[in-house]
Amino acid sequence: MAIDYRERSFASKNKPRRPPVGKYVAGILVAVLLVFAAGFIGGWSLCWYKMKKTVSVQQQALSTPVASPVQPPLPAVPKGQQTPLTFYETLPGGKTVIGSGINAGLTEHQPAPAAKPSIQPQATPPAASVKPSPVPQPAAKPQAPVAPEKPVAPQPVVEKKFAVQVASVKDKAEAESLRSKLAAKGLNPTIYEVKVPEKGIVFRVRAGRHLSQSEAKELAAKLGSGAIVIAE
C-alpha cells in the first residue's frame, strides 16, 4: 500500500462568498455610455433637421420672382424745353433736382440764387502797445556821513640854521690843528669827514652852530676870505 506524503489543503466549508463588484461597475459604465450616445445622436439629428429646413426655405424664396414696381409714364415734353430730370439724375452743374423734376425747367419754380454775403474786411484792432515794465532799481545806499575836515594847523616856520666852513683839507692832522685854534677863540669848531667822488675823503672844519644867516655872515667876515656860510 502506497502512502501519499503531499501536503493537503483543507478548504473551509464556512468561507463567505464575495459580491461581484466588478460586474456592477461595468454595468453602470455601459449604461452611462448608452445614455450619452443616445443624447448625442438625438441632438445631432434635431440640428440637422432644422438646418435642412432653413436651407429649403431660403432656396424657395430665391427661386420666387420679385415683382418690380411699375413706374408711371413721364409726360410728353414739348419741343424747345429742357428734358425734365428724374430724382436720381443730376444737372451738369452738379445741382440736383428735388422731386420728380417735371417743373425743374420753369423759371418761377427755380430757387433764387442766394445773395452772397458781402465780406467786409474786419478792422484789426490796433495792437496794444506793451509798456515795458519798469526795471526795479536797487535802493540807493545811504551815503556815509562825511567827516568834517579837520583844520590844518599852521606849520611853524622853521628858520634855517647856518654855520661857517673855515677850511676843507685832506690831511686830518691839519684839520685837527685848525680846530684847536678855533676852539681857543671860543668859536665851537667841528670836523666833518666827507667822501667826495673825485677828491676822495676830505675833512671840513666848521665854526659856529645853529646860527642865523646874518650871524653866520658876520662870523665868516671875521674869520677871513677862506670862510664861507653854509646851511646846516
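Predicted model: local features only at pLDDT ≥ 70, side-chain atom pairs only at ≥ 80, totals over all residues.

Residues are numbered from 1 along each chain as its sequence is written, and side-chain values use heavy atoms, with hydrogens and water left out.

The chain has three helices and four strands, where helices (H or I, at least four residues) and strands (E, at least two) are DSSP runs numbered from the N terminus. Followed along the sequence, these elements give the pattern α-β-α-β-β-α-β. Of the 232 residues in the chain, 12% are buried; here buried means under 20% relative accessible area, exposed means over 50%, and partly exposed lies in between, with a 1.4 Å probe and protein chains only. If one takes the contacts (heavy atoms within 4.5 Å) between residues at least 6 apart in sequence, 51% of them join residues at least 24 apart.

In soluble globular proteins, nonpolar side chains tend to be buried together. A nonpolar core is defined here as a set of buried Ala, Val, Leu, Ile, Met, Phe, Trp, Tyr and Cys residues joined through side-chain atoms within 4.5 Å. The largest such core has 15 residues, and those with the most contacts inside it are V164, A175, L182, L187, A207, A216 and L219. Strand 1 (162–169), helix 2 (172–184), strand 3 and helix 3 (213–223) are the elements that give two or more residues to this core.

V205, found in strand 3, counts as buried at 0% relative accessibility. Leaving aside neighbours within four places in sequence, V205 is in contact with V164, Q165, V166, A167, A175, L178, R179, L182, T190 and I191. The C-alpha atoms of V205 and Y192 are separated by 6.5 Å, although the two residues are 13 apart along the chain. Q165, which is found in strand 1, is also buried, with a relative accessible area of 11%. With neighbours within four places in sequence again set aside, Q165 is in contact with R204, V205, R206, G226, A227, I228 and I230. I230 can also be related to helix 3, where Q213 is found: the C-alpha atoms of Q213 and I230, 17 residues apart along the chain, are separated by 8.8 Å. Q213 itself counts as partly exposed, at 42% relative accessibility.

The backbone deserves a look at two places. N188 lies in the loop between helix 2 and strand 2, and its phi is near 50°, a positive value in a residue other than glycine. H210 also has a phi near 50°, again positive in a residue other than glycine, but H210 lies in strand 3. N188 is partly exposed, with a relative accessible area of 43%, whereas H210 counts as exposed at 56% relative accessibility.

Side chains of opposite charge can pair when their charged atoms come close. How many salt bridges does a search of the whole structure find? The search finds one, a salt bridge being a side-chain nitrogen of Lys or Arg within 4 Å of a carboxyl oxygen of Asp or Glu. E176 forms it with R179, the closest N and O atoms being 2.6 Å apart. Because they are three residues apart in helix 2, E176 and R179 are separated by about one helical turn. Both are partly exposed, E176 with a relative accessible area of 27% and R179 with 32%.

Rolling a probe the size of a water molecule over the atoms shows where empty space is left. On a 1 Å grid over the protein atoms alone, a cavity is a set of points where a 1.4 Å probe fits but cannot get out, and lining residues have an atom within 4 Å of a point. Grid points are joined across faces, edges and corners, and a volume is the space filled by probe spheres set on the points. A search of the whole structure finds one cavity of 30 Å³ or more, and the volume of the largest cavity is about 30 Å³. Its lining is made up of A163, T190, Y192, R206, G208, R209 and E232. Strand 2 (189–196) and strand 3 (200–211) each supply at least two lining residues, with the largest share, three residues, coming from strand 3.

Definitions and conventions:
1 Å grid on protein atoms, 1.4 Å probe; cavity = no way out; pocket = protein on both sides within 12 Å on 5 of 7 lines; lining within 4 Å.
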